Amino acid sequence: MFDQPAENIRLRPTLEGLPAYVAGKPAADDGILRYKISSNESPFPPVPAVRDAVIASLGATHRYPDAAAGELRERLGAKHGVEPAQIALSTGSVAVSGDLVRALVGEGDEVVHAWRSFEAYPILVGSHGGVSVAVPVTATGEHDLEAMAAAITDRTRLVLLCTPNNPTGPSLSTDQVEEFLARVPEHVVVAIDEAYREFHDPATVLGTAGIFRRHGNVVLLRTFSKLQGLAGLRIGYAVAHPRLARALSQVTVPFGASSPAQAGALASLQPAVQEELEHRAEWIRSERSRVLAALAEQGWQLPASQGNFVYFPLGGQSAEFAEFADARGLVLRAYGTDGVRATIAEQEANDLLIEIAAAWRER
Ligand code: PMP
């Protein structure tokens with residue numbers, strides 16, 4: 001195809017041996033009806049008012065979006081009780097995490113995160129020449145904050161906390177995070193990735209406003225991909241100290257938040273839409289409880305998930321379980337020889353998950 005070979009291209013050595021990000025598996029196209037519950041997506045399509053706002057924005061896509069995303073940052077600032085200058089946007093919160101790495105991590109600098117946690121973390125860190133310090137989660141899938149604090153060295157520039165943790169499910173309490181922060185030097189940034197915050201029991205959810213006020217080195221990461229159902233539009237943001245938010249805007253891809261994405265995000269913030277989304281969150285929470293209770297009854301011991309997903313710590317049987325489910329109509333996400341994650345989705349899919357989990361135990 002090409003006249004010249006590409007072997008001589010000098011790729012950065014750090015990319016060798018680094019996997020590319022692999023998304024949740026799509027459903028196979030073999031005639032079997034399957035529910036794809038491998039990517040923690042919303043089972044609901046966008047709220048009509050949001051869809052309409054996105055469609056209306058399409059008439060102006062011959063223009064670049066508002067690069068500063070002024071209106072959206074103002075609205076998000078108001079939501080979080082901060083200045084618009086403290087909001088940094090990009091194409092999904094995974095991109096914002098990448099921006100954090102770009103802004104903070106040089107060759108050989110370290111980033112501490114739990115493992116298993118979000119697949120993208122070690123890839124983002126490694127691809128920028130950073131060193132990913134992956135601290136194993138506990139047997140019940142929780143962050144081992146003691147070990148994570150102990151893993152901080154002079155080279156640490158960033159700590160990534162994921163709460164609720166994807167894929168295991170448990171969350172961090174305000175006290176746990178405060179105690180942890182007390183042990184982190186002020187020059188080390190601690191990002192709290194809350195992609196699944198809205199699915200958390202509201203009574204015990206992390207008190208981020210207070211934490212953020214007390215600690216200038218804390219960054220909150222949020223997305224519109226999960227409860228808001230805008231995964232396909234790609235928009236997420238950070239709430240950060242103005243100095244760090246400015247650094248994020250320096251390193252991020254220009255015009256990363258497209259005009260349909262900005263329109264969708266703005267519409268999602270309308271009170272009536274927020275109310276509808278909260279109903280959806282409540283429904284997901286009740287389905288999660290129903291699924292976890294049914295599985296416990298079957299004898300499964302799963303981590304206590306606060307996300308829109310549950311995790312089967314199946315170890316070496318993970319791939320086999322995912323195949324077992326696939327043949328019976330559910331596309332799940334297997335994580336090597338650690339476990340399998342299933343998204344809480346439409347009721348039929350949740351029912352099928354309960355059925356398949358029972359069949360697996362009885363096989
Ligand atoms: N953080 C976590 C913990 C996630 O699980 C995901 C999505 N799987 C993201 C961030 C990325 O979300 P976004 O679509 O906003 O990039």
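**Helix packing and domain contact**

Mentor: α10 passes α12 in a right-handed crossing, where right-handed means that the near helix is turned clockwise from the far one by less than a right angle. Helices (H or I, at least four residues) and strands (E, at least two) are DSSP runs, numbered from the N terminus. This is a predicted model, in which local features need pLDDT of at least 70, side-chain atom pairs count only at pLDDT 80 or more, and totals for chains, interfaces and linings use all residues. Residues are numbered from 1 along each chain as its sequence is written.

Trainee: Are α10 and α12 roughly parallel or roughly antiparallel to each other?

Mentor: The axes, lines fitted to C-alpha atoms over the stretch in contact, with angles from 0 to 180 degrees between N-to-C directions, cross at roughly 15° and come within 10 Å. Angles under 35 degrees count as roughly parallel and over 145 as roughly antiparallel, with 65 to 115 roughly perpendicular and the rest oblique. The two helices, α10 and α12, are therefore roughly parallel.

Trainee: Which element gives the most to the side of domain 1 that touches domain 2?

Mentor: The domain assignment, automatic or from a database, gives domain 1 as 13–38 + 272–362 and domain 2 as 59–270. Their contact (C-beta atoms, placed from the backbone, within 7 Å) takes 26 residues from domain 1 and 28 residues from domain 2. On the domain 1 side, the elements giving two or more residues are β9 (309–312) and α10 (271–298). With eight residues, the element that gives the most is α10.

Terms used
Contact = placed C-beta atoms within 7 Å.
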